[in-house]
Amino acid sequence: DKLTIATVNNGDMIRMQGMTEDFTKKTGHTVEWVTLEENVLRQRVTTDITTKGGAFDIMTIGMYETPIWGKNKWLVPLDDLSEGYNAADILPAMSGGLSYDGTLYAAPFYGESSMIMYRKDLMEKAGMEMPKSPSWSFIARAARKMTDRDADINGICLRGKAGWGEGGAFITAMSNSFGARWFDEKWNAQFDTREWSDTLNFYKNMMDDAGPKGFATNGFNENLSLFQQGKCGMWIDATVAASFVTNPKDSKVADKVGFALAPDNGMGRRSNWLWAWALAIPAGTQKEAAAKQFIEWATSTDYIELVAAKEGWANVPPGARTSLYENENYKKVPFAQMTLDSILSANPKASTVDPSPYVGVQFAAIPEFAGIATEVSQEFSAAYAGKQTIAEALAKAQTITNDAMEAAGYK
Amino acid sequence: MGRFVLDKVSKSFGDAQVIPPLDLTIEDGEFTVFVGPSGCGKSTLLRLIAGLEDVTSGTVNIDGKEMTDVPPAKRGLSMVFQSYALYPHMSVRKNIAFPLRMAKMDKAEIKKRVEDAASVLNLTDYLDRRPGQLSGGQRQRVAIGRAIVREPSAFLFDEPLSNLDAALRVGMRLEISEMHKRLATTMIYVTHDQVEAMTMADKIVVLQAGVIEQVGSPLELYRSPRNTFVAGFIGSPKMNLLKGAEAEKHGATTIGIRPEHISISHESGMWEGVVGVSEHLGSDSFFHVQCDAFEHPLTVRATGEVELNYGAKIFLTPDLAHLHKFDADGLRL
Amino acid sequence: MGRFVLDKVSKSFGDAQVIPPLDLTIEDGEFTVFVGPSGCGKSTLLRLIAGLEDVTSGTVNIDGKEMTDVPPAKRGLSMVFQSYALYPHMSVRKNIAFPLRMAKMDKAEIKKRVEDAASVLNLTDYLDRRPGQLSGGQRQRVAIGRAIVREPSAFLFDEPLSNLDAALRVGMRLEISEMHKRLATTMIYVTHDQVEAMTMADKIVVLQAGVIEQVGSPLELYRSPRNTFVAGFIGSPKMNLLKGAEAEKHGATTIGIRPEHISISHESGMWEGVVGVSEHLGSDSFFHVQCDAFEHPLTVRATGEVELNYGAKIFLTPDLAHLHKFDADGLRL
Amino acid sequence: MATQHSRSAACMMMAPAVVLLLGWMLVPLIMTLFFSFKKYLPLRGDSLSDGLEWVGFLNYERFISSGSFWPSVQTTLIIVLSVLIITVTLGVLLALLLDQPMWGQGVVRILVIAPFFVMPTVSALVWKNMFMDPINGILAHLWKFFGAEPVLWLSEASLPSIIIIVSWQWLPFATLILLTAIQSLDSEQLEASEIDGAPKLKRFWHIILPHLSRSITIVILIQTIFVLAVFAEIFVTTGGAFGTKTLTYLIFQRVLDSQNIGLGSAGGVYAIILANIVAIFLMRIVGKNLDA
Amino acid sequence: MARAVTNQRKAMNTFFAWALGLLIFFPILWTILTSFKTEAQAISDPPIFFFFDWTLENYKAVLERSDYAKFLWNSIFIAGGSTLLGIIIAVPAAWSMAFVPSKRTKDILLWMLSTKMLPAVGVLYPIYLICIELGVLDSRIALVFILMLINLPIIVWMLYTYFKEIPVDILEAARMDGASLRDEIIHVLTPMAIPGIASTVLLNVILAWNEAFWTLNLTAADAAPLTAFIASYSSPEGLFFAKLSAASTMAIAPILIMGWFSQKQLVRGLTFGAVK
Ligand SMILES: Nc1ncnc2c1ncn2[C@@H]1O[C@H](COP(=O)(O)OP(=O)(O)OP(=O)(O)O)[C@@H](O)[C@H]1O
Ligand SMILES: Nc1ncnc2c1ncn2[C@@H]1O[C@H](COP(=O)(O)OP(=O)(O)OP(=O)(O)O)[C@@H](O)[C@H]1O
Ligand SMILES: [Mg+2]
Ligand SMILES: [Mg+2]
């Protein structure tokens, strides 16, 4: 069969495309890739799944979509994967986030959390030492100290870009550590609470003092590039970035990077998120069997070894399987342990201090969230850029959210 | 063959009746010229005959067959347009061959006919040029070539020479006349040029506002115009049409006398007048003379170079044999 | 005022010398007409005078002032273009007022002048129309209106009547002539129309390939053309130019005789010939006669309606007083 | 020309185009209208086959009462107007310049029209990453070179940035049309005005500009149609943040981000109404010009 | 070209025109240059203009990663096909409007244009559902059709304006010469309108080539054209300016080259009847 696979254009996925020959050799099935930028991909597959278009046999989706789609029975359950696949090996945080009602609907290709990446040399210069699990107040202090505008060094680089998967994800994860939440148990928006205003004010004050110019439009890419060019003292972002910043080919600071858990505020929640890019099969495809074969191949330990053999252990897709972190070879990778610790410290089912009705760390796994969070994050970005005050942004966020929830029939 | 009978043909555009019901017969082999002022319906009449416009009422009969509803392509007529309407993207050869190709004639026959036509029209050397590379006169001949290859039952010409300069016009006029003599095919020719009408026509049809004012041979029209309109229209410079007491003396409301039928004298004559603007062409001289007897100045022709001073007093005498008399309705008496 | 002196003026476009160095004086108040075949440089010469083209060498002097490098706007001339060049987006009123507005004249004065000009030109009723809504003749008058409001030192006309139909041309010709009489301003007028040149000009300048062939009054040119080119160019139908033994009899290489200076006889005459095509205009008849003595047929005019049968044998006698003789170089003897 | 034959032929020959376009317009339009009166949240399990709940004008009310609606209309109009003003003004000037004699005219023309061939996505990407990036962008380097603080284009000057990008894409189009128009100006008209004593600037004002008016209306019509629909430029650069959310973009968010088809469809109907208000206004002008 | 232009004037014109031309062209030039740099050089501070080690590495990387030829072929097929189909449908319609005008002609024309004002996102779902229903999702034919419909109003309008400039006489002459309606359109009208048709074709190929909404949303693997190709490069992890530039260059190069070669044609024809 010929499988059509929609996928995001991340490095690990691109690498997988280069490996498909192996799959074809093993099974006889061929593969057509539809590689799209993340946002475009999300629209594209969502349109297709909601209309039952059937344009794809396998879709690359995230932790956000999986439970929602699974609930709607739009995905083929992956509860009958073969023995050799060893589904139990999948990190529980991952399989938990990719299941609905206990059934796995997507197999994680790679998983990530977020953590602090910092410049050991700069930290030393600032006369400070990074604890393994720092607090926000330490981070803010360190950031201000490391900042050296003349040398073009910013103490801290964080996402500020609009978009729920960009700045929205970061600020939500951060707000968790400040005790904030999106909704109370009756689905009322919570942007009028002190916790949210504390979060944003803390963020903005710190970024104004120690962040890069134009941080309001910085996303993952922008910060990565800043960090690689040596322009950031600290960066809190996806664990997968660790392999990029320690790769001497692209990074000027490869040998000076240290890692730490994402900060907390002493309230029992850290500000790290949990995410996985996973492969799922839309219900109704004609090629279910072949699709399952592909998923087993792509998310198997064999695949990890195949990549390791060809491209080295640092380049294998991380965060999906427990066995990877038990592998001696992989343990040598400097960020491996910290990645695992970060992943393990995130709990999608209880991400907020106060109880909340939703599942998800940096998102709420309800269909409305993406739309709401995108708009809310746009208001936040505008506040970061100084186009409105934080109070205005929060007030608007509150209205946007409540309106949308009402439109969706939650109230 | 080519005998046309128009029976009560009329044409309206929307509410405007451009041609009121009209009867006209054109005999086979005749060279008929339509003349009339601009907008009088000459082109419209021609296009009705061609089938390019629907008649509003009446019938068009060609060679005894009723053709009113037959589309132009099937009437077997050729038309030469004022703008020539050559196909700019085709060579002269292809232009001429086009009607034959449309008639699905075979290649060899087409080639022969095109070359014959080209040699008749002196176009042999230009067969592979595009119309854009030809002079006005040559284009004209291509248009005619395209018309004659088909051996149509009649040729229709809509002011074919009006785009040419004076010298070329004279030449083309002669060529078309000669062609008519040779082919003896019916030709219907629209023009507003006096000289063309007079020199080419067997029969002139004078139109005004869609109505036929007179039909006849050129000299018939010149000699005995049926009414003041025709009288004023045929002949150049135009006939002097005079009203008032002088006219009544001849028992008419209006009398007409052509410039060439008035003689000038310094001593005596019928009408006394004062010389106004003079125009000297060398071969002729025209004088505009203001007579006491008439409101408007008279135009008088003298052959050759004649000098008359501005404001000189002279006497004019009309040649009574060529005096035209019209009644109150403008009709010839 | 408006006296023009062109001193050794020449013009080349790239390598092509369109006008070789040429001297010409146009007196104040004179009506000068440039004639010549198409492409001979008439328009170019006019545009050099207007300043729309730079002279390649030589000087242009207007009213005693050297104006060679003065831009057109400062020469104080008005020009009427062949295409009228009206401003299509402005009403007639605005078109006429444009030069005055450019001269920053005050509103009231502009209004007065425009209305005066309009009433002279019979345009009062059309002042608020756009050029697109006017007939050819009306447009023509607007163009003239725009030229006269300014009281220029001279008017330049580039074939202003060539787009009009015959009837309108005659009218406009007279109007321009009258305007010239009234304003007594210098006018320089380009045309290729015989009749216009002959009837309007005080002075005709005949050009060929940028060279002045002859300058003189219309009748001077008609009577004594300086060479065969002028002889053939002035007069309509054109002069018969004859070569061969007959010419040598008169001690010339070429002799010229106009159609109107040949008399016809059935019995006897100088040249025997056979009648070819005849053209009857009513007022005149033209015959193309093939004589044994000459290669080409002669054109002969007879006044009035004269009938001669095709192929009839007749005799022609030229009026020796009007016989023109030219030498081998084509120059008048 | 118009005989019975040709008239009936004309009807037949128009038919395919008219029928196709009618279908292309009506089918989606009716479906959009239909959805706009329904609650249609596919992610919550609503689907056409199960039947959709009728909600009356609720979607319409919601859409218009949302805080984003009027700002988005305003943004849309600002973008369209600014782009029109910029492209037409610069287009006229550029066309005038390109009409002058110069060396290498052909090459310059090639350079000037090139942006028209670039996909909107690509041009947005290039502008965003390689020009307007506050750190690595050429513009930032340029500003720094002159000792100025780099502008944070996409956040601080977000709307101008979008306008710059869109104008850059459409300037060639305006220039080309206006250039052909200038070249078609009867040179005798200019000469006549020169003889009438008009200096350069006045010739431009009184002769050239009025001559261009037809072309300008056409440029305005076509560009309005395309600029109203501008999408990729916003999607790629600001993602609708910083006040760059146009009506089109807002509908996009409702339909695709929020997956609220009913609400989005109601927005679509508003967009159609807005477009038609603009269109009627434009068509008036152009319709008049098409006759003349 | 009345009076001689001094060389000084000409030099000034040349200077300004070139300066502006280069300014306008610069983003494209910069993209092309960047595509030959290494990633490090691409973001070097200060920027490097010409003096870098030219490398084809980025192109190699892009070609390795995506099946460029497939995207290119789809783009050509879709842009070409929709334009061709559009012309075939538009020519008769434009003929009718230009040569058999009626009172409604102008209304029809304006109505056609107004169909272009439908916001595409608003009708994405309906169209998507229809495509599923017809089973033409991810097929080139469907895109050919849809892009044809999108551009049809522009095609009809452009052709109409060109046809109006053709003297009716010539068509009537053809009729008198015995040509049927078909002959008239095929042998006389179309060849005469070639310059106009050519520029219509060009403009529409450009518009279809650059159309990004439908081509992206209605395709998956089989029918995806270059707009989808570029969507896979637009924001990967990390800033790969050089690769992005290479991909961008590859996406626009074909149409840019076509546009340059035919710019005379395009310039001549782009009047939309605004010029008499
Ligand atoms: N398609 C049409 N619709 C409406 N009126 C028309 C149409 N064609 C011609 N007319 C009108 O019919 C009348 C006759 O026109 P026609 O073209 O036959 O005149 P004509 O005698 O050929 O004039 P000309 O010498 O100027 O060519 C005119 O008043 C003209 O305005
Ligand atoms: N801008 C130009 N560049 C090159 N040659 C030109 C230019 N303008 C005119 N000519 C040439 O100069 C010659 C004279 O042209 P001009 O327009 O003066 O002729 P004309 O006597 O006015 O002719 P017509 O009676 O046809 O108007 C022609 O051979 C023409 O081709
Ligand atoms: Mg006519
Ligand atoms: Mg001339």
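These are legends for a set of close-up views of a predicted model.

**View 1. Chain D on its own.** Start with the overall makeup: chain D has 13 helices and 2 strands. Its C-alpha trace spans about 75 × 75 × 30 Å along the principal axes. Of the 292 residues in chain D, 67% are buried. If you count contacts in chain D with a separation of 6 or more, 68% of them link residues 24 or more positions apart. An unreviewed UniProt entry puts "domain: ABC transmembrane type-1" at residues 73-282 of chain D. In the model that stretch is 78% helix and 0% strand, and its end C-alpha atoms sit 18 Å apart.

**View 2. Helix 4 against helix 8 inside chain D.** As a quick reminder, a pair of packed helices is described by the angle between the axes and the distance between them. Here the axes of helix 4 (residues 105-113) and helix 8 (residues 158-183) of chain D come within 9 Å and cross at roughly 140 degrees. That angle makes helix 4 of chain D oblique to helix 8 of chain D.

**View 3. Where chain D packs on chain E.** Of the 8 pairs of chains in contact, D and E share the most contacts. The close-up picks out helix 5 (residues 120-131) of chain D and helix 13 (residues 241-261) of chain E, whose axes come within 10 Å and cross at roughly 155 degrees. So helix 5 of chain D is roughly antiparallel to helix 13 of chain E. Chain D brings D:V122, D:L125, D:V126, D:N129 and D:M130 from helix 5 to the contact, while helix 13 of chain E supplies E:F241, E:L244, E:S245, E:S248, E:A251 and E:I252. Which classes do the residues of this contact between helix 5 of chain D and helix 13 of chain E divide into? They come out as 8 nonpolar, 3 polar and no charged. As for handedness, the crossing of helix 5 of chain D and helix 13 of chain E is left-handed.

View 4. For chain E, an unreviewed UniProt entry lists "transmembrane region" at residues 12-33, 71-96, 108-129, 141-163, 184-209 and 240-261. Two of these spans are picked out here. Residues 141-163 of chain E are 100% helix and 0% strand, with 29 Å between the end C-alpha atoms. Residues 240-261 of chain E are 95% helix and 0% strand, and the end C-alpha atoms of that span lie 31 Å apart.

**View 5. A tryptophan in chain A.** Look for A:W33 in strand 2 (residues 30-36) of chain A. Is A:W33 buried or exposed? Its relative accessibility is 14%, so A:W33 counts as buried. Leaving out residues up to four places away in sequence, A:W33 touches A:I5, A:T7, A:M16, A:Q17, A:T20 and A:F294. A:D48 is 15 residues from A:W33 along the chain, and their C-alpha atoms are separated by 16 Å.

**View 6. Two lysines with positive phi in chain A.** Neither residue is a glycine, yet phi is near 55 degrees for A:K52 and near 60 degrees for A:K73. A:K52 is in the loop between helix 2 (38-50) and strand 3 (58-62) of chain A. With a relative accessible area of 54%, A:K52 is exposed. A:K73 is in the loop between helix 3 (65-71) and helix 4 (92-97) of chain A. A:K73 is exposed too, at a relative accessible area of 58%.

**View 7. Cis prolines in chains B and C.** In chain B, the peptide bond from B:S236 to B:P237 is cis, with omega near -10 degrees. B:P237 lies in the loop between helix 8 (228-233) and strand 11 (240-243) of chain B. In chain C, the bond from C:S236 to C:P237 is cis, with omega near -10 degrees. The loop between helix 8 (228-233) and strand 11 (240-243) of chain C holds C:P237. Chain A does not touch chain B, and their nearest C-alpha atoms are 48 Å apart. Chain A does not touch chain C either, with the nearest C-alpha atoms of that pair 48 Å apart.

Definitions and conventions
Residues numbered from 1 in each chain as written. Chains lettered and ligands numbered in written order. Predicted model: local features only at pLDDT ≥ 70, side-chain atom pairs only at ≥ 80, totals over all residues. Heavy atoms only, no water. UniProt positions renumbered as here; feature names shortened; annotations may be inferred. Helix = DSSP H or I, 4+ residues; strand = E, 2+ residues; numbered from the N terminus. Buried < 20%, exposed > 50% of the residue type's maximum accessible area, 1.4 Å probe, protein only. Contact = heavy atoms within 4.5 Å. Axes fitted to C-alpha atoms, helices over the stretch in contact; angles between N-to-C directions. Parallel < 35°, antiparallel > 145°, perpendicular 65-115°, else oblique. Left-handed = near helix turned anticlockwise from the far one by under 90°. Nonpolar A, V, L, I, M, F, W, Y, C, P; charged D, E, K, R; others polar.
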